[in-house]
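Hi everyone, thanks for coming.

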Amino acid sequence: MNKLRQIIRLYCQGTGTKTIHGMVGTSRTTVKKYVHVWHRLGITHDEFNEKR
């Protein structure tokens, strides 16, 4: 769950998927998948962080 939160946080800060992939150590496909799902949920970064 920490990687997911880190990916969404970095994405919200404007970091690109290539950079996130290198920083987090996961595939670019996984980064894109997580971001896509997060967009489909339609919640803000703050709302996402409140869900634990």
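Some ground rules before that. This is a predicted model, where local features need pLDDT of at least 70 and side-chain atom pairs count only at pLDDT 80 or more, while totals for chains, interfaces and linings use all residues. Residues are numbered from 1 along each chain as its sequence is written, and side-chain values use heavy atoms, with hydrogens and water left out.

When I say helix, I mean a DSSP run of H or I with at least four residues, numbered from the N terminus; strands would be runs of E with at least two. An axis is a line fitted to C-alpha atoms, for helices over the stretch in contact, and angles run from 0 to 180 degrees between N-to-C directions.

Okay, let's begin with α1 and α3. How far apart are the axes of α1 and α3? Helix α1 covers residues 2–12, and its axis is 10 Å from that of α3, at an angle of about 75°. So α1 is roughly perpendicular to α3, a label for angles of 65 to 115 degrees (under 35 is roughly parallel, over 145 roughly antiparallel, and the rest oblique). From α1 we have Leu 4, Ile 7, Ile 8, Tyr 11 and Cys 12, and they meet Val 31, Tyr 34, Val 35, Trp 38 and His 39 of α3. Contact here means heavy atoms within 4.5 Å. Sorted by class, that contact has 9 nonpolar residues, 1 polar and no charged. For the classes, Ala, Val, Leu, Ile, Met, Phe, Trp, Tyr, Cys and Pro are nonpolar, Asp, Glu, Lys and Arg are charged, and the others, Gly among them, are polar.

Next pair: α2, residues 17–24, with α3, residues 28–41. Their axes come within 9 Å and cross at roughly 115°, so these two are roughly perpendicular to each other as well. On the α2 side the contact uses Thr 17, Lys 18, Ile 20 and His 21, and on the α3 side Arg 28, Val 31 and Lys 32. Its make-up is 2 nonpolar, 2 polar and 3 charged residues.

And the last pair, α1 with α2. Those axes come within 10 Å and cross at roughly 145°, and this crossing is right-handed. Lys 3, Gln 6, Ile 7, Leu 10 and Tyr 11 come from α1, with Ile 20, Met 23 and Val 24 from α2. That gives 6 nonpolar, 1 polar and 1 charged.

Now, the core. Which residues make up the largest nonpolar core? There are 6 in all: Ile 7, Leu 10, Ile 20, Val 24, Val 31 and Val 35. A nonpolar core is a set of buried Ala, Val, Leu, Ile, Met, Phe, Trp, Tyr and Cys residues joined through side-chain atoms within 4.5 Å. Buried means under 20% relative accessible area, exposed means over 50%, and partly exposed is in between (1.4 Å probe, protein chains only). α1, α2 and α3 each give two or more residues to this core. As background, nonpolar side chains tend to be buried together in soluble globular proteins.

Leaving out neighbours within four places in sequence, Ile 7 is in contact with Ile 20, Val 24, Thr 26, Val 31, Tyr 34 and Val 35. One of those, Thr 26, sits in the loop between α2 and α3. Is Thr 26 buried or exposed? Thr 26 is buried, because its relative accessible area is 16%. With residues up to four places away not counted, Thr 26 touches Ile 7, His 21 and Val 31.

Back on α1, the buried residues are Arg 5, Ile 7, Ile 8 and Leu 10, and they pack against α2, α3 and α4, which is 45–50. Arg 5 counts as buried at 12% relative accessibility. Its C-alpha atom is 8.2 Å from that of Phe 48, 43 residues apart along the chain. Gln 6, also in α1, is partly exposed at 29%. After α1 comes Gly 14, with a positive phi near 95°.

Thanks, happy to take questions!

Note on methods. Left-handed = near helix turned anticlockwise from the far one by under 90°.
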